[in-house]
Amino acid sequence: MIETLFRQYYKRMFLTAKTLLCNPEEARDVVSDVFAELLESNRQLDIERVESYLLVSVRNKCLNMVKHRMIEERAQKFIPHETIDEDYKELPLDDILHYIRHNLTPQTREVILRRYGEDKHYNEIADELGISRIAVYKHIAKGLTKLKKHFVWKS
């Protein structure tokens, strides 16, 4: 059944995703994710509504990606490199790690360490910790804000 749905609706789903994301590779990933989730869930679909279900699923995933991009862009702005004082560019890693371990909440600490210490992607962190990607973004934003205030704006 999935194979039939794939053949029948892939092109339309892909075009929808490509239109929303303006990126063919991300569009392919979104469509693949929708079918992968459908396979994993063993969900029974109403034949009369299957096209709507698939297209809405694609649309929702695309909108989530766009929202995540916006959050990520905002998070990147938390530490503009040109505002970093010269005295703080060469901070010892031990000082930063000490601050992270003792001044961030356990969840924020874990997210920051996995993202920057283990170089994991947001999706990986979310899956490993059982939280949403949005929660990962929020923890990173909160952690970076505290680090920036402590190390960069310190006077």
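Helices here are DSSP runs of H or I at least four residues long, and they are numbered from the N terminus. The model is predicted. Just after helix H6, Gly130 adopts a positive phi of about 70 degrees.

Helix H6 spans residues 122-129, and within this helix Tyr122, Ile125 and Ala126 are buried. These residues lie on the same side of H6, because they cover an arc of only 100 degrees around the axis. In general, an α-helix has 3.6 residues a turn, so residues three or four places apart point the same way.

The largest nonpolar core has 18 residues; Leu5, Met13, Ala17, Val31, Leu54 and Val58 touch the most other members.

Leaving aside residues up to four places away in sequence, Met13 touches Val31, Val34, Phe35, Leu54, Leu55 and Val58. Another core, of 15 residues, lies apart from the largest one and includes Leu104, Tyr137, Leu144 and Phe151.

How confident is the prediction? The protein chain has a mean pLDDT of 83, and 84% of its residues reach 70 or more. Among the elements of the chain, H1 has the highest mean pLDDT (93), and helix H4 (residues 93-103) has the lowest (84). Over residues 79-89 the pLDDT is below 50. In the model, this stretch has 10 contacts beyond near neighbours in sequence.

Conventions: Residues are numbered from 1 along each chain as its sequence is written. This is a predicted model: local features need pLDDT of at least 70, side-chain atom pairs count only at pLDDT 80 or more; totals for chains, interfaces and linings use all residues. Side-chain values use heavy atoms; hydrogens and water are left out. A nonpolar core is a set of buried Ala, Val, Leu, Ile, Met, Phe, Trp, Tyr and Cys residues joined through side-chain atoms within 4.5 Å. Buried means under 20% relative accessible area, exposed over 50%, partly exposed in between (1.4 Å probe, protein chains only). Contact means heavy atoms within 4.5 Å. Helices (H or I, at least four residues) and strands (E, at least two) are DSSP runs, numbered from the N terminus. The arc is that of the directions from the helix axis to the C-beta atoms. pLDDT is the predictor's confidence in each residue, from 0 to 100.
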